[in-house]
Every structure is written in structure tokens, then in C-alpha cells.
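I keep these entries to record what I looked up in one structure. I went from the whole chain to single strands and loops.

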Amino acid sequence: MKQATTLVRRTAAILLAAWLTLTLLSSCGGTAPPAGIHTTRVVSSFDIGELGNNLYTSYFSVIYRYNRASGEFSRACLDPECGGTCPLESGYCRVVHIGDGRLYFFAWMIHERDLPCRYGYQDLVTGEITVLAEVPQEEADEGTPVFVYDGMMYYTRKTLKEEAERDGSYTAEDWVKHLCRVPVDGGEEERLRSAPGEIFFMIADGYYITYSAAEGILSYDRDFRDRTALLSFAQQDLRIQSQPQYLDGKLYCTIASGADPRPYLYSLDLATGEMTKLFDTPAYYNFQLTDDAIWYLDYDVRVMYKPEGWDEMTEEEQDEISLSYCPHGTTLYTCDPDGKNARAVYTNETLEFYESFTVIDGVLYGWMRNFDDETHTWGKPFFGKIDLASGTITPATPTES
């Protein structure tokens, strides 16, 4: 275990420690959280985490902190001398989980810098960063979900087979994928099982769920010895189109089929194995589950602008022009977790929901970008909020350049 200690002003640390203590005691005791403090039961591998009034998210190589009360937006790293070299800023960083006063993260490092993939956490009181596991770049299983549950951090990695030729030119068959975990308070990596094509799908509430295209959705015991097949997608010609979200014993994700390649929202009851299509309207994969609702965009890939004379052009002429697309429709909807009471809550013709988002007390928070009708180009993604009642968009206020 390696540690990188950050410098934090003593006064700020004391105030933050006191506030975190109040928040954590409120969430563990039965006393209601203080006014304005938001908590959630949803488990997700989407890149947004909540603690009190703070949201934690990332854009490419930096993890940020956004204060819902003040609108301030700053880097999560608290070391003023970091210079972009810590694990929160020096790779493809993502927020995994917020709990026990910690921000858990992974950083799939930038390949040109020949850095390892790192899994760890930031102490939100002191700012100290602890790396729990390092995986060499060539062994990192980039793009797969990571979870924290019951004192363990779960991730996948791969290793070369013993019989593979060690000349540096390897094929996919030369590697073995492993389901792994490491204690969040420090310890050795445990390789639970070798699992070709299998990834962690959801770890929550005593459920240990994995997924592979060949075998579908599988449920394990804690030691990953006994398993049960919950759903075989290959037999039904189904394909998962989104990372899952979990609430009260059910998984939620978008699924497409060979007969209809458009994604639809489904829930899967983990106790019974029953899969339910929530409604008959296609939904964009980037939906968000909250404690009492689902927030989703209609599925409608749109061309934002066509140059004059487009329809008269030949295919060769059209191929030379790069059109701007939006991968979803213009309207945000909400419904109950069972798919009922669906209704439109917000429409915008030029806005793209660029990355993950969440909704708290009627306000959407997330990454977005605008299409400029004059220049016919997309603007730079920004983090901000949308008051869904008024439609007002408020970009976050950076506290540093």
C-alpha cells in the first residue's frame, strides 16, 4: 500500500471533520440528516458520487467537487502543490463510491506516460490519498465497472498465460481475466476466480453479480465459489446497453435485442430472477435512478445541422462532410421505479447530456454541452445544474483556472 499525503489547511480540516462527523452520525443513527443534506440508497458505477451538499464527478483526467449550496466547482485534490501528478488528476479518473468519509476512485493511467492503473481512496477530511492496488497498464481491464462493498474494493484485471510467448506481441487468447478484490483498509489483492469475458456487474446488499456476453447475468456467494445463472442473454438474443444501477433488490439497465436494436429500460428482481420491461418507449442508455424515480431521455439520434444542398449531394460528397449528431432526443422524462406515471419534465433542442447526471429536489446536476446554431458546432462540455421547473441552466462556478 502506497500513500501520498496532501497538505490541507488545519482550520479547513477541522471544520470539514466536524461536518463529516455530523453527517455520518446522522446517517448511521436514526436521527434525520440536517436540512439540505442529501443521501441516496442507489448504487451505481456511474461517475457521480454524493456526500452532503457536495457532488463528486470527473471529466477525463480530473476528479472535481461541486458544492450544491454555493455552486463552486473545484478540483477534488487538496494538495496545492500537486501539479496534476496525483491519482485524482493524472489519468482517466472516475469516482467509484463515497462512504465512510472517503472518496473511492480508480485511475486508468494515460498510456503515453507508462503509469499503472491505480485503485484507492481520498480521505475527505485530511485530503490524504491511499492507493490500495496498482495494476500495470498491460494488465489493466480498462472500461469495466468497479465497486466498493463490505470493506472490499472489487475490480477486474488480466494476466499473461504461462505458455504465452514473451515477445511483447500478444493476442487476446494470451491473457486470463481475473475477478479481484482488495481490502479498503489495506491488504493483499485476492484473485477470486479466473473469468474469461466476465466482469463485475453489481455488488450491493449481499448480492455479488457478474455479467458476460456468453453466459449472461450470474449471481455468486461472497467467496465466489457457488454461482447461479440469473439470466441468459445469448439464448434470448439480448444485449445490455448500459451499466446497471441498483435499488431495493432490483437492477436497472437498458437492453436491446436482435429484433429491435433500440434500447429499452428493464428491471431485474435479484431475488426472483424476474425481468420486467418498464415501458414500451426506447430510452437513451444514459438514464439516472434516484430513490423514488427514474430520469431518462428519449432515444432519438439527431443530426443537429445539415449544410445547404445536402440532399442534392452525392454520397461521396456527403462522406467528406462531418455532421454533428446528438445521441438522444430533446426531452427528459421521469417515471416511478416500476415504470409507471411517466411524464416529460424538460425539453431543450440544443443541449446534450454529455456524461452522468443526477436529480436532487427537482434540480438536475451533470455534464452537458450546447450546440451553437450560428457556428454549427458543439461547445465545450461543462458541469452545471438545471432547475427543471423553470428550465434555468446555471453553469458551475470554477474556483480555480
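Entry 1, the whole chain. I first wrote down that a contact means heavy atoms within 4.5 Å. With that, I noted that residues 24 or more positions apart account for 46% of the contacts in the chain with a separation of 6 or more. The model is predicted, so I kept its limits in view: local features need pLDDT of at least 70, side-chain atom pairs count only at pLDDT 80 or more, and totals for chains, interfaces and linings use all residues. Residues are numbered from 1 along each chain as its sequence is written, and side-chain values use heavy atoms, with hydrogens and water left out.

I looked up the elements next and found 3 helices and 35 strands in the chain. Helices (H or I, at least four residues) and strands (E, at least two) are DSSP runs, numbered from the N terminus. Of the 401 residues, 50% count as buried. Buried means under 20% relative accessible area, exposed over 50%, and partly exposed in between, with a 1.4 Å probe and protein chains only. The accessible surface of the chain is about 19,500 Å², and 47% of this belongs to carbon and sulfur atoms. Such areas come from the Shrake-Rupley method with a 1.4 Å probe; for residues, only the protein chains shown count as cover.

Entry 2, strand β9. Is strand β9 enclosed or open to the outside? I found that 6 of its 7 residues (117-123) are buried, so β9 is largely enclosed by the rest of the structure. I then looked for its partners, where two strands pair if DSSP finds at least two bridges between them. Strand β8 (residues 102-109) pairs with β9 in the antiparallel sense over 6 bridges, and Leu-103 has Gln-122 in β9 as its bridge partner. Strand β10 (residues 129-135) also pairs with β9 over 6 bridges, in the antiparallel sense. There, Gly-120 has Val-131 in β10 as its bridge partner. The hairpin of β9 and β10 has 5 residues between the strands, and in it Gly-127 takes a positive phi near 85°.

I traced an open sheet of 4 strands in the order β11-β12-β13-β14, with antiparallel pairing. Its edge strands are β11 and β14 (190-194), each pairing on one side only. The twist averages 35° from one strand to the next. Axes for such angles are lines fitted to C-alpha atoms, for helices over the stretch in contact, and the angles run from 0 to 180 degrees between N-to-C directions. Between β12 and β13 I found 9 bridges in the antiparallel sense, and Met-153 stands opposite Val-182 in β13.

I also checked the loops here. Asp-150 is in the loop between β11 (147-149) and β12 (152-160) and is partly exposed at 48% relative accessible area. Its phi is near 50°, a positive value in a residue other than glycine. Glu-162 is in the loop between β12 and β13 (175-183), and it is exposed at 77%. From Glu-162 to Trp-175 there are 13 residues in sequence and 9.3 Å in space, C-alpha to C-alpha.

Thr-290 has Ala-293 in β25 as its bridge partner.

Is Ser-219 buried or exposed? At 16% relative accessibility, Ser-219 counts as buried. I placed Ser-219 in strand β17 (residues 216-220). Not counting residues up to four places away in sequence, Ser-219 touches Tyr-208, Ile-209, Asp-226, Arg-227, Thr-228 and Leu-230.

Asp-361 lies in the loop between β30 (351-360) and β31 (363-372). I noted Asp-361 as exposed, at 71% relative accessible area. Asp-361 has a positive phi of about 50° although it is not a glycine. Most residues other than glycine have a negative phi.
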